[in-house]
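User: Hey, can you walk me through this one? I'd like to start with how the strands pair up.

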Amino acid sequence: MPSSEPSPTFRILAIGECMAELAPAEAPGEYRLGFAGDTFNTAWYIARLWPETSVSYFTAIGTDAISQQMRDVFSASGIDHGHVRVVPDRTVGLYLISLANGERSFSYWRGQSAARQLAADPDALAKAIGDAELVYFSGITLAILDPASRKTLLTALGTARAMGKVIAFDPNLRPRLWSDQTEMTDAVMQGAAVSDIALPSFEDEASWFGDADPVATADRYRSAGVTTVVVKNGAEPVHYRQGAARGFVPVPALPSVVDTTAAGDSFNAAILAGIGGNTPLPESIARACRLAGQVVQGRGALVPVDPARIDP
Ligand code: ADP
């Protein structure tokens, strides 16, 4: 007799900052409101493409209308927001995209965002983490926190890892968010030290750590204690390490690249969902490339992709 038990759900928690986005609309001077942010984008792709995986987002928002709108977007996207912190005297961060001769540039208002307080209540953080099997965060998550809050988060993640939860980290190096380069590289390696999985992008790692090639990037993260490393490298093959296994997975060539926003974020979604599904890593990487390949052919961070072309 078929069992009526629902199949167990893999539970992922993403921690970070989602921002309001103003992107140029068709008419000059008009803007469209959206919501995006690296860890949120990853959560969005997981919720959209792997409904058998439950994904929750941990951040902090305010009590104003736009904070509520952001929460509504979490709901509508299938992302659990039961653990989201509310900081009454703050609101969400904002960025505006400007277009000049086809080139995008970004202006940010995020210095006082509610998300900067996400780790201010260690109990709320521990509760959110306690409900998850895999916890995902990024270098941007670390960058928006003050040193004390950063320590709170890293300690909570270290504890979670010791309890057997899987910790996944995208270093997402953004020097503009840090007071200096050393603070950034130190914090990123501290992030790696509490993680099982690192998902770096070679171009950034080469710029800020001086890695000669993706193998050097993987070596550095392995030395920090990470067991699985996946090194993205634009159109170049993806390098991976997993225990003693290592290899390169080719990236399918694309007819065009429209906008690389969220290429890495969507890629990560496929890798994290694959952990829940016990998918062999090279297979997950190939799937991640097919997903990111669709994302770079659309505009913006949240591209409505075709699931049939991710798992052909
Ligand atoms: P990030 O967005 O983190 O900088 P990458 O630029 O390395 O990450 O891209 C992540 C993934 O997106 C790549 O591994 C690849 O699968 C896909 N991708 C990015 N740029 C291209 C491209 N020009 N052609 C084909 N795939 C690409």
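Analyst: Two strands count as paired if DSSP finds at least two bridges between them. This is a predicted model. In it, Ala-168 has Ile-197 in strand 11 as its bridge partner.

User: How many bridges join strand 10 to strand 11, and which way do they run?

Analyst: Two bridges, and the strands run parallel. Strand 11 covers residues 197–198.

User: And strand 9 with strand 10, how many bridges there?

Analyst: Five, again with the strands running parallel. Strand 9 is residues 134–138, and Ser-138 stands opposite Asp-170 in strand 10.

User: How many residues of strand 10 are buried?

Analyst: Four of its five, so the strand (166–170) is mostly covered, with buried meaning under 20% relative accessible area.

User: What about strand 2 and strand 3, parallel or antiparallel?

Analyst: Antiparallel, with six bridges joining residues 19–24 to residues 31–36. Met-19 stands opposite Ala-36. The two strands form a hairpin with six residues between them, and Gly-29 in the turn has a positive phi of about 85°.

User: OK, switching to the ligand. Which residues are closest?

Analyst: Ser-201, Gly-234, Leu-254, Gly-264 and Ala-292 are the closest of the 15 residues that surround the ligand.

User: Which backbone atoms sit by a ligand oxygen?

Analyst: Gly-234 has a polar backbone atom 2.7 Å from an oxygen atom of the ligand. For Gly-264, a backbone N or O atom lies 3.0 Å from a ligand oxygen, and for Asn-233 a polar backbone atom is 3.4 Å from one. The protein covers 80% of the 560 Å² of accessible area that the ligand has on its own.

User: Where is Ala-235, and is it buried or exposed?

Analyst: Ala-235 is in the loop between strand 12 and strand 13. Its relative accessibility is 63%, so Ala-235 counts as exposed.

User: You listed Ala-292 by the ligand. What's helix 10 like?

Analyst: Helix 10 runs over residues 281–295 and reaches 21 Å from its first C-alpha to its last, close to the 21 Å expected. Ala-292 is one of its buried residues, along with others including Leu-281, Ile-285 and Leu-291.

Conventions:
Residues are numbered from 1 along each chain as its sequence is written. This is a predicted model: local features need pLDDT of at least 70, side-chain atom pairs count only at pLDDT 80 or more; totals for chains, interfaces and linings use all residues. Side-chain values use heavy atoms; hydrogens and water are left out. The expected span of a helix is 1.5 Å times one less than its number of residues. Buried means under 20% relative accessible area, exposed over 50%, partly exposed in between (1.4 Å probe, protein chains only). A residue is near a molecule or strand if one of its heavy atoms lies within 4 Å of it. A polar contact is a pair of N or O atoms within 3.5 Å; within protein, one must be able to donate a hydrogen and the other to accept it, and residues adjacent in sequence count only if both atoms are side-chain atoms. Accessible areas come from the Shrake-Rupley method with a 1.4 Å probe; for residues, only the protein chains shown count as cover.
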